[in-house]
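Please read the points below with the model at hand. They take up the sheet and then the packing of the helices.

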Amino acid sequence: MGASYPDLREKSVVVTGGASGIGAAMVEAFAGQGAKVGFIDLDAAAGAALAERLGVRFEAADLRDTEALRGAIGRLRDALGPITGLVNNAARDDRHATLEVTPEYFDERIATNFRHQFFASQAVLPDMRAAGGGAIVCMSSIVPILGMGGMPVYAAAKSATVGMARSLARDFGPDNVRVNVISPGWIMTERQLTMWLTPEADAMRAERQALKKRLMPADVARVALFLISEESGGITGQNHIVDGGWV
């Protein structure tokens, strides 16, 4: 049994990229707090199945399409009421070689991993201002902190996320809107288990983490609950690293 946040009950919270992985864990965590939860994802089948299981609202949309993103947020607002909690979670950590990156691929990676975070925040900030406050969580990564190779555009997008969040926190602090970042380490989502986890990689992870256990999506979701809740009402513009002590 985790912590209970009474102020989250009936709070309208939107999670992007909520159909699987960390996002799905967040959707389930907020639903468990009694929040009015909506989420957006490109995967219509997985999203519909999760929404039916949890009794929450789902909108299928390609977040790389800003007008589609705005439309999805508008429909969630119509269904849930003014949005005062947002988790900008959607991302893909696809590997790529610098000398093979085209301008088109670069733009697509930025759209996938960063641009939607700005426009989703822009779409809900008027709701938060009108409500007298709100909270936004943006998802970054320990990748740029560690200086990991093999994904330079992803690292750039996740670095930009931190800078954007700190700027939004400064601009909208007078409206009692808090903006924070979560930077996960290696979280054992189904994607990570399928694509990247080998015995050798797992041994390296255990060696570098201070905590030797594998971190799971719920470990990140619990931090998101805290940051959206008023229990973190004095915290804004901060980057919260959830990596088991890797960095």
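**Notes on the sheet and helices**

1. In this predicted model, P184 stands opposite V242, which belongs to β7. Strand β6, residues 177-184, pairs with β7 in the parallel sense over four bridges (two strands pair if DSSP finds at least two bridges between them; strands are DSSP runs of E of at least two residues, and helices runs of H or I of at least four, numbered from the N terminus).

2. The model is predicted, with local features needing pLDDT of at least 70 and side-chain atom pairs counting only at pLDDT 80 or more, while totals for chains, interfaces and linings use all residues. Residues are numbered from 1 along each chain as its sequence is written, and side-chain values use heavy atoms, leaving out hydrogens and water.

3. The open sheet has seven strands in the order β3-β2-β1-β4-β5-β6-β7, with parallel pairing. Its edge strands, each pairing on one side only, are β3 (57-60) and β7 (239-242), and the twist from one strand to the next averages 15° (axes are lines fitted to C-alpha atoms, for helices over the stretch in contact, and angles run from 0 to 180 degrees between N-to-C directions).

4. Helix α2 (residues 44-54) packs on the sheet and touches β2 (36-41) and β3, its direction making about 175° with that of β3 (contact means heavy atoms within 4.5 Å). Helix α6 (residues 152-172) also packs on the sheet, where it touches β5 (134-139), β6 and β7, and its direction makes about 160° with that of β6.

5. Helices α3 (residues 66-80) and α4 (residues 103-131) pack at an angle of about 35°, with their axes 10 Å apart.
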